[in-house]
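Dear colleague,

Please find below the structure I am handing over to you.

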Amino acid sequence: LATKPPILALYVNLMTKLNVLEMVRFVRAQESLRETLIVFGGPDVTHNVEDYLANGADLIVLGEGEQTLLEIALTNQTAAGKKDFGHIPGLAFLHSDGTVFKTATREKIRDIDLLPLPNRLKINLQNYLDVWKKAHGHSAISLSTQRGCPYTCRWCSTAVYGQSYRRRSPQKVVEEIIWLQENYQFDLIWFVDDVFTVSHKWLKEFREELQKRAVKVRFECITRADRLNEEVLGILKESGCFRVWIGAESGSQRIIDAMDRRVDVSQVRTMIQAARKTGIEAGTFIMLGYPGETEADILETVEHLKESNPDLFTITVAYPIKGTGLYE
């Protein structure tokens, strides 16, 4: 408690929720932190505003948080006494009578090239890289090139970025890769984008920028079978991709259609095999327990995995996240 921060801003998702609430209870119990403003943001808060406000949050940031948090900080710094945040778009908080108040919707940042690079220097990232390397034999840094996803999978939450597609220029992304290589020792980059190959034009420009600046990098990314073909796989390989994750979720077309995945299961199999033929590892995702799934559908999924034969696959259980079509 050597520092008494004026603002404690916490990111919340399904995995961090319990730890975040525990931290807030600790902060609220400290007399010396009575004036600290607690702000929550992230994907889990949008559709659970009342619960988070009831559990210690002063302000909830809805949607993208960069500009909103900046305005909160400036208001908090300049306002004396009871602070009023009602003029800031993209917020929810409690009125003095206990009712929930939401301000105007925050407009999404159209040109995300305007955002600065994430301030990784605020933490000792090398510690994380070293621990991961010791445990798994390699270390990876996450990097984001885009925001939003134009697809409509019914189980997927779009609470923060919405159904949009906004992307940083290949030049900015390569600049970030160069900065990372100059500042850290790591083995590979994990592109966290929902569909890395959604724009083939962007992908070609990315490859050209890497070649122009003589940047060598190893990376893995996530995509969809309908945004892949042999040419795209070639571009990925030339750019440094060693593993591509191709979403399928099920081997049953009936279940894929129920999820509104908008993809053909035979195309998924073809692209998994094509990736391996190109010399790129193929990973895929399987989701079990989607409403309406039968044992026959699960057996189709087993056959799908045998036939496509990916290098890796993960299995999750269908989970209805509030605000998604699946939840409804």
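**Strand pairing in the sheet**

A9 stands opposite V39, a residue of β2. Here helices (H or I, at least four residues) and strands (E, at least two) are DSSP runs, numbered from the N terminus.

Please note that the model is predicted, with local features needing pLDDT of at least 70 and side-chain atom pairs counting only at pLDDT 80 or more, while totals for chains, interfaces and linings use all residues. Residues are numbered from 1 along each chain as its sequence is written, and side-chain values use heavy atoms, with hydrogens and water left out.

Strand β1 and strand β2 (residues 37-41) run parallel and are joined by five bridges. Two strands are taken to pair if DSSP finds at least two bridges between them. Helix α1 (residues 17-28) packs on the sheet and touches β1 and β2, where contact means heavy atoms within 4.5 Å. The direction of α1 makes about 170° with that of β2; axes are lines fitted to C-alpha atoms, for helices over the stretch in contact, and angles run from 0 to 180 degrees between N-to-C directions.

The sheet as a whole is open and mixed, with five strands in the order β1-β2-β3-β4-β5. Its edge strands, β1 (7-11) and β5 (100-102), each pair on one side only.

Strands β3 (residues 59-61) and β4 (residues 91-94) are antiparallel, with two bridges; I60 has A92 in β4 as its bridge partner. Three bridges link β4 and β5, also in the antiparallel sense, and F93 stands opposite F101 in β5. Five residues separate β4 from β5 in a hairpin, and G98 in the turn has a positive phi of about 90°.

With kind regards
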